[in-house]
Amino acid sequence: MNSGLAFSWPTRVYWEDTDAGGVVYHAQYLAFLERARTEWMRAQGYGQELLRLDHDLVFAVRAMQIDFLRPARLDDALQVGVSLRECRRASAVFAQDVRRGDEVLLTATVRVAALDAAGFRPRPIPQPLLDGLKALEGR
């Protein structure tokens, strides 16, 4: 079953993701969320290496709000959802979730900041890229 959000990336829970009881470590969800955002960007034609090389741009997480609703467990097949909620001149906000079938395990709001790749200083998103991202808001 797909996520309720616009884009969904499948993953499975492996032993390395869990504690001795087979429950996913809370910090491991951050990796799941990051990978799904990366795959969302790639699916839109904006792979991270392309952004770095062609636009001198990287995105870094600035803030997160996470609600842990239910635990994921060893061998669970998960869907990690992504939707671009808002894109501003130098930042973007994503809505994300993690699901096991129809069951929502986690919801998150993630704000990323645009940085220059060389010095990791804040910078505006180049206009053609900004226009492309703004067209994806809410989808």
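In this predicted model, Val-80 has Val-98 of strand 4 as its bridge partner. Strand 3 (77-87) and strand 4 (91-100) run antiparallel and are joined by eight bridges. A hairpin of three residues connects strand 3 to strand 4.

Strand 3 also pairs with strand 1, again antiparallel, through six bridges. Here Pro-10 has Gln-79 of strand 3 as its bridge partner. The two pairings are set out below.

| Strand pair | Direction | Bridges | A bridge pair |
|---|---|---|---|
| Strand 1 and strand 3 | antiparallel | six | Pro-10 and Gln-79 |
| Strand 3 and strand 4 | antiparallel | eight | Val-80 and Val-98 |

Strand 3 is mostly covered, with eight of its 11 residues buried.

Val-98 has contacts beyond its bridge partner. Leaving aside residues up to four places away in sequence, Val-98 touches residues including Tyr-29, Leu-33, Leu-78, Val-104 and Leu-106.

The largest nonpolar core has 33 residues, and Val-98 is among the four that touch the most other members, with Trp-40, Leu-84 and Leu-133. At least two residues of this core come from each of strand 1 (7-12), helix 1 (28-43), strand 3, strand 4, strand 5 (103-116) and helix 3 (127-134).

Which residues of helix 3 are buried? They are Leu-129, Leu-130 and Leu-133. These three lie on the same side of helix 3, because they cover an arc of only 100° around the axis. Among the elements that cover them are helix 1, helix 2 (48-55), strand 2 (57-68) and strand 3.

Terms used. Residues are numbered from 1 along each chain as its sequence is written. This is a predicted model: local features need pLDDT of at least 70, side-chain atom pairs count only at pLDDT 80 or more; totals for chains, interfaces and linings use all residues. Side-chain values use heavy atoms; hydrogens and water are left out. A nonpolar core is a set of buried Ala, Val, Leu, Ile, Met, Phe, Trp, Tyr and Cys residues joined through side-chain atoms within 4.5 Å. Buried means under 20% relative accessible area, exposed over 50%, partly exposed in between (1.4 Å probe, protein chains only). Helices (H or I, at least four residues) and strands (E, at least two) are DSSP runs, numbered from the N terminus. Contact means heavy atoms within 4.5 Å. Two strands pair if DSSP finds at least two bridges between them. The arc is that of the directions from the helix axis to the C-beta atoms.
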